[in-house]
Amino acid sequence: MSGRRRGRGHCERFVRELTENHLSGHFGGLMIDVLVVGGGPTGLMLACELRLHGVEVVVLERLSAPTGESRGQGLHARSVEVMDQRGLLERFRAVSEEFRVGGLFAGEAREWPEGMDTAHPYGLATPQPVTERLLWERAGELGAELRRGCEVVGLAQDGEGVEAELADGSRLRARWLVGCDGGRSAVRRLAGVAFPGEPATAQTLLGQMEAAEDPARIAEVVAEVRRTQLRFGLHHEGGGVYRVIVPAEGVSEDRAAPTLEEFRARLRAVAGTDFGVHSPRWLSRFGDATRQAEHYRAGRVLLAGDAAHVHPPTGGQGLNLGVQDAFNLGWKLAAEVAGWAPPGLLDTYHAERHPVGAAVIAHTRAQMTLLGTSPGAVALRGVFARLMDFPDVNRYVTGVVSGVDVRYDFGPGPALLGRRQRDVQLVDDPAAGRLYGRMHAGRGLLLDRSGLLSAAGWEGRVDVLVDGCPELGAAAVLLRPDGHVAWAGAEPGAGAGLPEALARWFGRAA
């Protein structure tokens, strides 16, 4: 399929074309390999990952045009690594500013701690619309079909595929379907996946608008209010435009977008002035509900991003968590489509990412408690702030929020096993560059310092790189396509356990 993009008016024609192809046998009995529902950062990252492996992908986005809303404000260090591993980092750096802030937890911030296990000790301040644009462009370059104005309203699946019904009554059939359609996911509901958790007890208004008040006065009032109320702020984004955040009066049951007058009223109630806000670009609200899908897979339907987990945006982890879900899932689903996935590989997506999502939910719950305005919450925040001055505490919190400390449970083995491999400098070839530069194709990688090991039989799934690389921390490592260490050798040329690891993650040798 081509990577051309078409708008809402083309969705019906697109479905008709697919149906004709299906009836003519063009797709071998199934219209497409994978249908991705939701064109946000998670869905687009997944489309990019699948296309690296030649999987036919169609992304359906309900909205006919981008909203311009920017709930996600950037990439933490692990997501920066992800973009570097796929050759996308320079695109993001060209339109983003670096930030080197550690301990971003409940309004506390410290300097980036020393000793973090990453060659990318920074985040990127990238508004969500920019992230979506860059990933949308990349998915199209790789040949994904990107379709706006297509809403999924029904699902049915059997042992060979999933049929999706669209709002216009047309139907699409695919071998697999992934719901990346947000916290109120239609896919999750239609697939019958339970979504237990805690309902919202508080909501926050968020929007982008202009302010008539003098900037110096705005900064003065914001600083005073934030001494006790950290769910408040006016952040200048240039040209007189501010990103405004303020606690809502209560919990809106329908989560309808707030009005400008509601913003003004809440600003006056919290800050004593509405700052003369006017000309809103967009207005929204979010709550502190925390919920997680019981299962990330239901037959041939999978969930990723906010469709699988919702939590307050404190710490800026939501967008990053979804992108990293897609990074974990993409190569596994591609292996299933290609037919070489070992038994149970696809189920490791839930086994690995569900605990990560649960941990983020727990951390954001803790942050919301610390952000409270009761005397107990203020006292607790003071204790936490003093703890954050200890380097080990700052390092722990930064590792949690940035995602660089995620380690999957691969069973007993060396300390590296299950961790993501940091980027390292290659040394044998003057033009060799760095390790992440060798991972752009999305295949596994055997990095061997001795040159005595082999991945024969797994060609096309695993690349082999021989390099002295003193930074590696092991004689050799086998990396999955997502950069996590699947095997590590302690002695040069000693390959004990390597064939088993190759078979476990990359199927039988050809």
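1. Accessible areas here come from the Shrake-Rupley method with a 1.4 Å probe. By that method, the accessible surface of the chain comes to about 20,900 Å². Carbon and sulfur atoms hold 51% of this surface. Keep one thing in mind throughout: this is a predicted model.

2. Start with overall size. The C-alpha atoms fill a box of roughly 70 × 60 × 40 Å along the principal axes. The chain has 510 residues, and a compact globule of that length would have a radius of gyration near 24 Å. The chain has 24 Å, so the value agrees with a compact globule.

3. Now look inside. Of the 510 residues, 53% count as buried. Contacts also reach along the sequence. Take those between residues at least 6 apart in sequence: 71% of them join residues at least 24 apart.

4. Next, the secondary structure. The chain contains 13 helices and 24 strands.

5. Zoom in on β17, residues 290–292. This strand is joined to β20 by 2 bridges, and the two run antiparallel. To see the pairing, find Arg-291: opposite this residue, in β20, stands Val-310.

6. Strand β9 covers residues 152–157, and β10 covers residues 162–166. They run antiparallel and are joined by 5 bridges. For one example, find Gly-154; its bridge partner in β10 is Glu-165.

7. Last, the cysteines. How many disulfides does a search of the whole structure find? The search finds 0. Cys-48 is in no disulfide; its nearest cysteine sulfur belongs to Cys-180 and is 12 Å away. A disulfide needs two cysteine sulfur atoms within 2.5 Å.

8. Are these cysteines buried or exposed? Check two. Cys-48 has a relative accessible area of 4%, so this residue is buried. Cys-469 has 0%, so this residue is buried too. The cut-off behind both calls is simple: buried means under 20% relative accessible area.

Note on methods. Residues are numbered from 1 along each chain as its sequence is written. This is a predicted model: local features need pLDDT of at least 70, side-chain atom pairs count only at pLDDT 80 or more; totals for chains, interfaces and linings use all residues. Side-chain values use heavy atoms; hydrogens and water are left out. Buried means under 20% relative accessible area, exposed over 50%, partly exposed in between (1.4 Å probe, protein chains only). Two strands pair if DSSP finds at least two bridges between them. Helices (H or I, at least four residues) and strands (E, at least two) are DSSP runs, numbered from the N terminus. The radius of gyration is taken over C-alpha atoms; the globule rule is 2.2 Å times the number of residues to the power 0.38. Contact means heavy atoms within 4.5 Å.
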